[in-house]
Amino acid sequence: TQPIFVIGADARSHDWLERHAEALRRSGAAGLVLSAPSAEAFKRVQRLASQHNLPIAPGPDPWLEQRLLDHGVGVVPLVIGLDGRVQEAP
């Protein structure tokens with residue numbers, strides 16, 4: 001089990017990943033991209049994560065997306081810790 005971070009393919013998510021990459025790497029977090037409008041958009045996020053040695057996978061995952069919505073989370077980027085807590089930063 002490891003923390004996960006959930007991001008989009010937008011500029012805000014790119015900036016967030018740049019700012020928090022070191023903390024995410026230290027925590028062993030893996031990434032999930034929930035909203036990439038195209039394969040190329042996902043590949044841009046993937047390249048950025050790769051530059052920081054962070055694993056990342058495409059979404060959306062309907063189960064995860066619904067769980068986030070059920071808990072009132074409507075914005076990304078975010079981090080889900082090992083304890084299940086949702087935070088805006090690691």
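1. Helices (H or I, at least four residues) and strands (E, at least two) are DSSP runs, numbered from the N terminus. The chain has 3 helices and 5 strands. Along the sequence they follow the pattern β-α-β-α-β-α-β-β.

2. This is a predicted model: local features need pLDDT of at least 70, side-chain atom pairs count only at pLDDT 80 or more, and totals for chains, interfaces and linings use all residues. Residues are numbered from 1 along each chain as its sequence is written, and side-chain values use heavy atoms, with hydrogens and water left out.

3. Confidence first. pLDDT is the predictor's confidence in each residue, from 0 to 100. Its mean over the chain is 86, and 94% of residues reach 70 or more. Helix H1 (residues 11-27) has the highest mean, 95, and helix H3 (residues 62-70) the lowest, 71. Where pLDDT is low, predicted coordinates should not be read in detail.

4. Next, the salt bridges (a side-chain nitrogen of Lys or Arg within 4 Å of a carboxyl oxygen of Asp or Glu). The count is 3. Arg25 pairs with Glu22, with the closest N and O atoms 2.2 Å apart. Both lie in helix H1, 3 residues apart, about one turn of the helix. Arg26 also bridges to Glu22, at 3.6 Å from N to O. Arg47 and Glu40 form another bridge, at 3.0 Å from N to O. Shared partners join Glu22, Arg25 and Arg26 into one network.

5. Accessibility of these residues: buried means under 20% relative accessible area, exposed over 50%, partly exposed in between (1.4 Å probe, protein chains only). Arg26 is exposed because its relative accessibility is 61%. Arg25, at 31%, is partly exposed. So is Glu22, at 38%. Of the 90 residues in the chain, 40% count as buried.

6. A nonpolar core is a set of buried Ala, Val, Leu, Ile, Met, Phe, Trp, Tyr and Cys residues joined through side-chain atoms within 4.5 Å. The largest has 17 residues; among those touching the most other members are Phe5, Ile7, Trp16 and Leu54. Strand S1 (4-8), H1 and helix H2 (39-51) each supply at least two residues of this core. H2 gives the largest share, 5 residues. A second, separate core of 8 residues includes Leu34, Val73, Val76 and Ile80.

7. Contact means heavy atoms within 4.5 Å. Leaving aside neighbours within four places in sequence, Ile7 contacts residues including Ser13, Leu32, Val45, Ile56 and Pro77. Among contacts in the chain with a separation of 6 or more, 77% join residues 24 or more positions apart.
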